[in-house]
Amino acid sequence: MNAPTRESLQGVDLLSEINRLKKERNAVILAHYYQKPEIQDLADFVGDSLELSKRAAETDADVIAFCGVKFMAETAKILSPQKTVILPDMAAGCSLEDACPPGRFKAFREAHPDHIALTYINCSAEVKALSDIIVTSSSAETILSQIPPEQKIIFGPDRHLGGYLSRKFNREMLLWPGVCIVHEAFSETELLKLKTQYPGVPVAAHPECPPHIIDHADYVGSTSGILQFAKSLTGDTLIVATEPHIIHQMEKAEPSKKFIGAPGADGNCACNICPYMALNTMEKLYFALRDLQPQIELDEEVRLAAKRSLDRMLEMASGTVGKGDLGRA
């Protein structure tokens with residue numbers, strides 16, 4: 001029997017074939033919380049990007065299939081250079097990564113030689129290599145609290161996360177002007193309408209959201225942190241201001257609670273669904289496992305420099321990976 005082509009997948013049991021190929025390739029499948037439910041449900045691990053890369057590195061798998069976006073798969077390769085890392089769709093990028101080209105970031109650093117660069121993990125391997133310390137939305141506060149007040153800081157590429165930290169710590173930082181198109185899409189007007197509809201219901205928001213959303217949040221934290229907040233919630237309803245596919249994990253963990261995605265634009269659009277994450281599909285995962293393509297490849301010098309900035313983060317805040325420590329707003 002000939003192997004299915006991209007045009008002839010009709011009738012193929014994709015879940016069965018993916019599981020067969022996973023075993024054949026000695027692969028581990030990772031799914032970010034923003035993936036479609038069917039991909040989350042077949043993955044070996046579901047979580048935030050760095051948490052997933054660390055867990056994959058601890059396995060004896062030969063292949064890492066990362067259902068997420070490119071910078072996440074690059075992070076997996078940085079931590080597991082001996083493993084083959086595949087991404088179902090190499091076009092699965094990130095607006096924050098796109099907003100921070102390595103050449104421009106290098107020039108910006110050179111223009112501010114007295115600053116250190118705290119760089120959000122949502123960036124390319126090349127930008128990580130140009131940074132001093134990588135931060136996640138879980139580790140950012142812990143790391144910032146350890147940097148002397150007199151030390152000048154560049155924070156990029158997410159100006160909203162940087163601005164949130166700057167306000168909370170009363171710490172001036174040079175902010176790179178990048179934003180996440182998903183979190184930028186939330187509407188304050190529509191959120192206020194929703195809060196009126198559900199009086200007293202708390203709001204959990206990701207710090208990539210702009211200030212006019214953060215200001216209405218009862219909890220601000222990473223995706224993992226928001227999930228933990230949902231689990232510990234004493235009430236039965238929560239408004240969630242981050243990419244709505246995280247709600248799948250909330251509903252699995254707390255089926256008796258109601259989770260409402262914060263609205264974007266006019267309250268009806270699907271603009272808060274990440275278009276990059278959506279590029280990964282069951283079909284593309286099948287072909288990636290079958291062909292071991294597309295594959296993540298990194299220049300070794302870049303990989304080692306990027307790993308140094310990641311290692312500094314892990315030295316300063318290893319206990320925060322996957323925890324979500326930003327706490328209440």
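Modeller: We start with contact: two residues touch when heavy atoms of theirs lie within 4.5 Å. Keep in mind that this is a predicted model. Now take His 206, in the loop between β9 and α12 (211-214). Leaving aside neighbours within four places in sequence, His 206 is in contact with Tyr 34, Tyr 120, Ser 137, His 183, Ile 214, Val 220, Gly 221, Ser 222, Thr 223, Ile 226, Ala 241 and Thr 242.

Biologist: Does His 206 count as buried or exposed?

Modeller: Buried means under 20% relative accessible area. His 206 has 2% relative accessibility, so it counts as buried.

Biologist: Which residues does UniProt list for "binding site"?

Modeller: The record is an unreviewed entry, so treat its list as an annotation that may be inferred rather than shown by experiment. UniProt lists His 32, Ser 49, Tyr 120, Ile 121, Asn 122, Ser 137, His 206, Pro 207, Glu 208 and Thr 223. Of these residues, the lining of the largest cavity includes His 32, Ser 49, Tyr 120, Ile 121, Asn 122, Ser 137, His 206, Glu 208 and Thr 223.

Biologist: Where is Ile 121 found, and what does it touch?

Modeller: Ile 121 is in the loop between β5 (115-120) and α7 (125-129). Its relative accessibility is 2%, so Ile 121 counts as buried. Set aside residues up to four places away in sequence. Ile 121 then touches Ser 49, Leu 50, Phe 71, Thr 75, Lys 128, Ile 134, Val 135, Thr 136 and Leu 310.

Biologist: Next, sheets. In what order do the strands of the sheet with β9 stand?

Modeller: Read a sheet by strand order, then by direction. Here the order is β10-β9-β11-β12, in an open sheet of four strands with parallel pairing. β10 (219-220) and β12 (258-261) stand at the edges. Each has a single partner strand, so one side of each is left without a neighbour in the sheet.

Biologist: What packs on this sheet?

Modeller: Helix α14 (residues 246-253) does, touching β11 and β12. The direction of α14 makes about 175° with that of β12.

Biologist: How many bridges join β9 to β11?

Modeller: Three bridges join β9 (residues 203-205) to β11 (residues 237-241), and the two strands run parallel.

Biologist: How many residues of helix α13 are buried?

Modeller: Count them along the helix. Seven of the ten residues of α13 (residues 223-232) are buried, so the helix is mostly covered. They are Thr 223, Ser 224, Gly 225, Ile 226, Leu 227, Phe 229 and Ala 230. What covers them includes α3 (49-57), β9, β10, β11, α14 and β12.

Biologist: Now cysteines. How many disulfides does a search of the whole structure find?

Modeller: A disulfide is a covalent bond between the sulfur atoms of two cysteines. The search finds zero disulfides. For Cys 100, the nearest cysteine sulfur is that of Cys 123, 6.7 Å away. For Cys 180, the nearest is that of Cys 94, 6.4 Å away. The cut-off for a disulfide is within 2.5 Å. Cys 100 counts as buried at 2% relative accessibility, and Cys 180 counts as buried at 11%.

Biologist: Which peptide bonds are cis?

Modeller: One of them runs from Gly 156 to Pro 157, with omega near -5°. Pro 157 is in the loop between β7 (152-156) and α9 (159-169). The bond from Gln 293 to Pro 294 is also cis, with omega near -5°. Pro 294 is found in the loop between α15 (282-291) and α16 (300-317).

How values were computed. Residues are numbered from 1 along each chain as its sequence is written. This is a predicted model: local features need pLDDT of at least 70, side-chain atom pairs count only at pLDDT 80 or more; totals for chains, interfaces and linings use all residues. Side-chain values use heavy atoms; hydrogens and water are left out. Two strands pair if DSSP finds at least two bridges between them. Axes are lines fitted to C-alpha atoms, for helices over the stretch in contact, and angles run from 0 to 180 degrees between N-to-C directions. Buried means under 20% relative accessible area, exposed over 50%, partly exposed in between (1.4 Å probe, protein chains only). On a 1 Å grid over the protein atoms alone, a cavity is a set of points where a 1.4 Å probe fits but cannot get out, and a pocket is an open set with protein on both sides within 12 Å along at least five of seven lines; lining residues have an atom within 4 Å of a point.
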